[in-house]
Amino acid sequence: MTCWLVKSEPADFSIADLERVGREPWTGVRNYQARNYMRDDMRVGDPVLLYHSSCPEPGVAGVARVASAAYPDPTQFERRSDYYDPKSTRQAPRWQLVEVEFVRRLGRIIGLDEIRAQSGRLGEIALLQRGNRLSVMPLTRRQFDQILRLE
């Protein structure tokens, strides 16, 4: 079982939104490496940390789990969508998604600076690599648990 960290801008979709809806298709991922993780590696039941990005207090805000196998992201076919891809077809879709399911909110946001201060204990973690813009990234179970211990 692999653990995951997924990023979302809370102004668009937050842990509170996931709590309200319960389960959500993780649409709009338009990075091939992130897509490949969802398509090839994420499995139903895998634990997920939901990370709020591009906000005043970036950090881990909650826990979710992978709730579906990968399937084509419908937003790639919707002309009015910000995520429309004119080169993608229903016969040969480019973009995949998984659904995520709410588990719990954290008692507080575990901020990026706090996570960065744990880099010695976390080892190689994509979130802390300079220039990393991935919205979906794997974590080891040890890294996942270490981040939650900060709560």
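Reply: Happy to! Keep in mind that this is a predicted model. Leaving out residues up to four places away in sequence, Ser-14 touches Leu-50 and His-52.

Now to the strand itself. Six of the six residues of strand 1 are buried, so the rest of the structure largely encloses it. In a regular strand, side chains alternate between the two faces of the sheet. Here Cys-3, Leu-5 and Lys-7 point one way, while Trp-4, Val-6 and Ser-8 point the other way.

Strand 1 has these pairings. With strand 8 (residues 136-139) it runs antiparallel, joined by four bridges, and Leu-5 stands opposite Met-137 there. With strand 3 the pairing is parallel, over five bridges, and Lys-7 stands opposite Tyr-51.

Setting aside neighbours within four places in sequence, Val-60 is in contact with Leu-5, and its other contacts include Leu-49, Leu-50, Tyr-51 and Ile-147. Val-60 is among the residues with the most contacts inside the largest nonpolar core, which has 40 residues; Leu-49, Val-136 and Ile-147 are the others named. Strand 4 (residues 59-66) gives the most to this core, with five residues.

Conventions:
Residues are numbered from 1 along each chain as its sequence is written. This is a predicted model: local features need pLDDT of at least 70, side-chain atom pairs count only at pLDDT 80 or more; totals for chains, interfaces and linings use all residues. Side-chain values use heavy atoms; hydrogens and water are left out. A nonpolar core is a set of buried Ala, Val, Leu, Ile, Met, Phe, Trp, Tyr and Cys residues joined through side-chain atoms within 4.5 Å. Buried means under 20% relative accessible area, exposed over 50%, partly exposed in between (1.4 Å probe, protein chains only). Helices (H or I, at least four residues) and strands (E, at least two) are DSSP runs, numbered from the N terminus. Contact means heavy atoms within 4.5 Å. Two strands pair if DSSP finds at least two bridges between them.
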